[in-house]
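Have a look at the structure first, then go through the points.

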Amino acid sequence: MVTFFMFLLPAVLSFVIVIIVPFIFGVYYSFTDWNAMTGGADVNFVGFANYAAVFNDPRFLHSFLVTVAFAVINIIVVNVVAFSLALLVTNKLKLVGLYRAAFFMPHLIGGIILGYIWQFIFNSAITQVGSNLGIGFLATSLLGHSQWALLAIVLVVVWQNAGFFMMIYVAAIQSAPAELIEAAQIDGATYLQRVRNIIMPLVAPAFTVAMFLTLVRSFQQFDVNMALTAGGPAGMFMGQAIPTTELLALNIYNTAFTVRQLAQGQARAVVFFVTLALVALIQVYFNKRKELEM
Amino acid sequence: MKNQLKMYALEIVAILVLIIYMLPFVIVLINSAKPVLDIIVDPLALPEDPARIFTNIEAVMASQVVRYTSSFISSSIITIISVFALVIISSMAAWVLVRTKSTLSTVIFMIFVAAMVIPFQVVMFPLVSWFHRIEVFTGLINTPFRLLQNYPGIILAYMGFGTPLSIFLYHGFIKGIPLELEEAAKIDGCSSAKTFFSIVFPVLKPITVTVMILNGIWIWNDFLLPLMVLGTGNAVQTIPLAVQHFVGSFVRRWDLILTTTLMGMLPVVIIFIFLQKYIIKGMVDGAVKG
């Protein structure tokens, strides 16, 4: 028993100090007029006022909708690309090691650095290609149009993460029994039939894990968003000027630092947490059911 | 014969995807070797004078905003200490959680796992405020051991935020190890600490590699947590903070910005090239176990 607590102590202690205590404070502050990082003792209880304000703010509502759209597109595209790459690199190709390493490489680099690199690519390199080839549509930066700017974030995030999820799928495909796949091949199943009816059901648990992780990461996306578009371009929503590609994490950050309303930012973060927890639970529940069906 | 043709076709597809995947890096590399005007004229052209890259690197090295050497050292200290601390505390915790069969261990494990859905945004503002209060209360604020804008705070933060996933990974792995060795050690009179560190810990090596890679990549590249705990432009800054601060203060100097991103990527890319065999194996093994 003494060993049990001694061995747990360092992990539990750092976990409590860094996550649990701030989490409790965080929920509490969202019901107060907390306004300075250094203070905290002299806050007043304001009930649900911050939450009422949150749901009446067009900028937040827009950010919420954009985040949901981003998450849906991103979860689909990342997993489709990652699974396709995994199918590609589980063939007996000559340079298979090189492909795996290369597809994984963007994942090693932080979103801030990648965001700036791609900002340059979208603003300078692609516009140059556009004017060289005389494609007027590409000659102006895609980051200047709100729909395209959102898809640009998706593209960068997919490029950054597909290689990581590819590894999860590669592991699952490799641990699937080879006899089963070979037997199907001998029975004359086409490649697509084998993928759909044999490989996909066998790697179903990997889909659950990968989709859960992409879901959580899509909702928490911050770095690429900040460095690539910083929320821009501006647009109108419910009669108010808003940044059109500001995802929730960036919205919360801006509320606290640019607009300087900490308690407001905290209320947004709690709404964000509840949404994420609910969506994650629902997603895991459905994936688990799907696993059993397959 | 038909199969062989198919394999060649697949190989070509793979090479094409590889080229597309690497293009962004190529664009960074060629433009890091140009003066700013050449970039504006044609960002796709090859550099006229490739040696220009050294001029740009020197300019970035001399930058008082980037402080490359110092940022590199800070990033290394933070990443290395946090990763080692996480490996030790998480493996210890996971071991007793697996080996002690009780409701309490199940509940503790469930709390760690559930915490994975708490977004950083919910805790980041109170974390800074609470760290500040600890500093003031303990009087650490005026010492070299203060938490904010300093190593102890950010390392402690990574220890806290890293434990859920690391314990989860170790927990899954330890469940699959047979008990016999540990029991034999116990009969021989080994203390729990000795049993763990000399018998169990070496067996955990495969998952330890995975835990180190995942946490290492995350901590090295993380931006928002260092921004909150260290702040911008202070003595201790990580490479992502340095890059962001630099871009913020040199709008449109794409020659220097791209060189900075290149130098920001370089350490990880070099490590990856040398250790890729282990990193890729670690990732695949971890995915199977986790």
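1. Let me start with the polar side of things: between domain 1 of chain B and domain 2 of chain B there is 1 residue pair in polar contact, with both residues at pLDDT 80 or more. Salt bridges between domain 1 of chain B and domain 2 of chain B come to 0. Do keep in mind that this is a predicted model.

2. Which elements form the domain 1 side? Helix H1 (2-31), helix H2 (36-41) and helix H3 (52-62) of chain B each give two or more residues to the side of domain 1 that touches domain 2. H1(B) gives the most to that side, with 4 residues.

3. The make-up of that side of domain 1 of chain B, the one touching domain 2 of chain B, is 7 nonpolar, 2 polar and 2 charged residues.

4. As for the bounds, the domain assignment puts domain 1 of chain B at 1-54 and domain 2 at 63-286. Taken over C-alpha atoms, the centres of these two domains of chain B are 34 Å apart.

5. How many residues are in contact? On the domain 1 side of chain B there are 11, and they meet 9 residues of domain 2 of chain B.

6. Now for the area: about 710 Å² is buried between domain 1 and domain 2 of chain B, and carbon and sulfur atoms give 76% of it. Three residues to look at are Val28(B), Ser32(B) and Val36(B), which supply 54% of the area that domain 1 of chain B buries against domain 2 of chain B, more than any other three residues.

Definitions and conventions
Residues are numbered from 1 along each chain as its sequence is written. Chains are lettered from A and ligands numbered from 1 in the order in which they are written. This is a predicted model: local features need pLDDT of at least 70, side-chain atom pairs count only at pLDDT 80 or more; totals for chains, interfaces and linings use all residues. Side-chain values use heavy atoms; hydrogens and water are left out. Domain bounds come from an automatic or database domain assignment. Contact means heavy atoms within 4.5 Å. Buried area is the accessible area (1.4 Å probe) that two parts lose on being put together, summed over both. A salt bridge is a side-chain nitrogen of Lys or Arg within 4 Å of a carboxyl oxygen of Asp or Glu. A polar contact is a pair of N or O atoms within 3.5 Å; within protein, one must be able to donate a hydrogen and the other to accept it, and residues adjacent in sequence count only if both atoms are side-chain atoms. Ala, Val, Leu, Ile, Met, Phe, Trp, Tyr, Cys and Pro count as nonpolar, Asp, Glu, Lys and Arg as charged, and the others, Gly among them, as polar.
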